[in-house]
Amino acid sequence: MATQIEVLATLQLMDQSLYTKTRAVAEGEGRVAALEEAVRGQTAAAGTARGELAVLSARQRDLEGRLAAAEAKMKDRRMRITRIRNDKDLGVAKREVELLKEETGTLETELVLVMEQVEGATTKVQGIDAELARLTEEHEREASELRDTLARLSTEIERERATRSQLAQTIDDDLRRKYEMILSRRGGLAVVEVRSGICQGCRMRVPPQLFNQIQRNEEVILCPSCQRMLFWRAEGEEASG
Ligand SMILES: [Zn+2]
């Protein structure tokens with residue numbers, strides 16, 4: 001029959017395992033959420049970049065249309081000039097051709113600028129798409145692995161909680177409450193071994209008389225220095241030599 005302190009030491013191992021696994025689940029869920037968020041953010045960025053490219057492409061098409069129209073008009077006016085016989089009409093037509101030349105020049109300059117912007121926006125979309133593909137792949141691969149791990153951990157946690165609750169019932173209520181209080185106040189370490197007369201929780205030497213009491217393992221004794229529950233294991237004592 002295990003003594004209460006031995007049961008408490010086992011209970012603490014379970015609590016530590018549960019703590020580690022619960023934290024791993026929280027971290028895993030956080031990582032999955034971060035992966036999803038990264039894909040969502042990049043998808044939004046891809047949408048914005050495509051919108052910018054669409055606006056610039058429409059602008060390019062509009063300029064190309066206007067330039068083609070101006071060039072056609074200019075060609076038409078030049079043809080007409082060859083048929084004009086009167087000086088006044090010739091002057092008007094020539095001025096019109098000059099104005100059209102100016103207009104096509106302005107349109108060409110603007111078109112070159114917009115084409116450069118379209119090229120830049122296209123490169124940007126390609127870069128964002130490549131990063132989105134990488135993030136999507138990363139999410140799919142890592143999230144599926146994480147989901148497997150999380151499912152396994154959740155099953156283990158459930159099983160361990162059931163075992164823990166059964167074990168906890170074999171411990172005296174007051175003692176269990178005391179253990180839980182120390183556990184929460186002392187950084188998840190309530191039951192500590194005494195090795196070579198030294199408390200492994202706070203590294204203080206335990207008074208010899210108390211050490212003798214602890215070795216009998218009959219009652220739960222607290223470390224006078226850190227107030228943790230002291231536990232003595234024969235094989236532990238030998239191992240530490
Ligand atoms: Zn101590």
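1. Helices (H or I, at least four residues) and strands (E, at least two) are DSSP runs, numbered from the N terminus. On this basis Arg203 falls in the loop between S2 and helix H4 (208–216). Phi of Arg203 is near 65°, a positive value in a residue other than glycine. Arg203 is exposed, at a relative accessible area of 57%; buried means under 20% relative accessible area, exposed over 50%, and partly exposed in between (1.4 Å probe, protein chains only).

2. The basis of the note is as follows. The model is predicted, and local features need pLDDT of at least 70, side-chain atom pairs count only at pLDDT 80 or more, and totals for chains, interfaces and linings use all residues. Residues are numbered from 1 along each chain as its sequence is written, and side-chain values use heavy atoms, with hydrogens and water left out.

3. The zinc ion has as its protein donors Cys199 (SG), Cys202 (SG), Cys223 (SG) and Cys226 (SG), which lie 2.3 Å from it. Donors are N, O and S atoms within 2.8 Å of the metal (3.2 Å for Na, K and Ca); water is not among the atoms, so sites may look incomplete. The spacing of the donor residues in sequence is C-x2-C-x20-C-x2-C. Cys199, in strand S2 (residues 198–199), and Cys223, in the loop between strand S3 (221–222) and strand S4 (229–231), are 24 residues apart, and this pair links distant parts of the chain.

4. The arrangement around the zinc ion is tetrahedral because the four donor atoms subtend angles of 106 to 113°. Four donors count as tetrahedral if all angles lie between 85 and 135 degrees; four count as square planar and six as octahedral if opposite donors are over 155 degrees apart and all others between 65 and 115, and anything else is irregular. Ideal angles at a metal are 109.5 degrees for four tetrahedral donors.

5. Cys199 is buried, with a relative accessible area of 0%. Cys223 also counts as buried, at 1% relative accessibility.

6. Four strands form an open sheet of mixed pairing, in the order S2-S1-S4-S3. S2 and S3 stand at the edges with a single partner strand each, so one side of each has no neighbour in the sheet. Two strands pair if DSSP finds at least two bridges between them.

7. Strand S1 (residues 191–195) is largely enclosed by the rest of the structure, because four of its five residues are buried. S1 pairs with S4 in the parallel sense over three bridges, and Glu193 stands opposite Phe231 in S4. S1 and S2 run antiparallel and are joined by two bridges; the zinc donor Cys199 is the bridge partner of Val194. The hairpin formed by S1 and S2 has two residues between the strands, and Ser196 in the turn has a positive phi of about 50°.

8. S3 and S4 pair over two bridges in the antiparallel sense, with Met229 in S4 as the bridge partner of Leu222. The loop between S3 and S4 contains Gln227. Although Gln227 is not a glycine, its phi is positive, about 65°. Gln227 counts as partly exposed, at 38% relative accessibility.

9. The largest pocket has a volume of about 210 Å³. Of its 13 lining residues, the closest to the centre are Gln12, Val191, Val192, Glu193 and Arg233. On a 1 Å grid over the protein atoms alone, a cavity is a set of points where a 1.4 Å probe fits but cannot get out, and a pocket is an open set with protein on both sides within 12 Å along at least five of seven lines; lining residues have an atom within 4 Å of a point. Grid points are joined across faces, edges and corners, and a volume is the space filled by probe spheres set on the points.

10. Helix H1 (4–81) and S1 each supply at least two residues of the lining of the largest pocket, and H1 gives the largest share, five residues. By residue class the lining divides into six nonpolar, four polar and three charged. Ala, Val, Leu, Ile, Met, Phe, Trp, Tyr, Cys and Pro count as nonpolar, Asp, Glu, Lys and Arg as charged, and the others, Gly among them, as polar.

11. Leu150, in helix H2 (residues 87–168), is buried at a relative accessible area of 12%. Leu150 and Ala26 are 124 residues apart in sequence and 9.1 Å apart in space, C-alpha to C-alpha. Phe211, in helix H4, is buried at a relative accessible area of 14%. Phe211 and Ile198 are separated by 9.0 Å in space, C-alpha to C-alpha, and are 13 residues apart in sequence.
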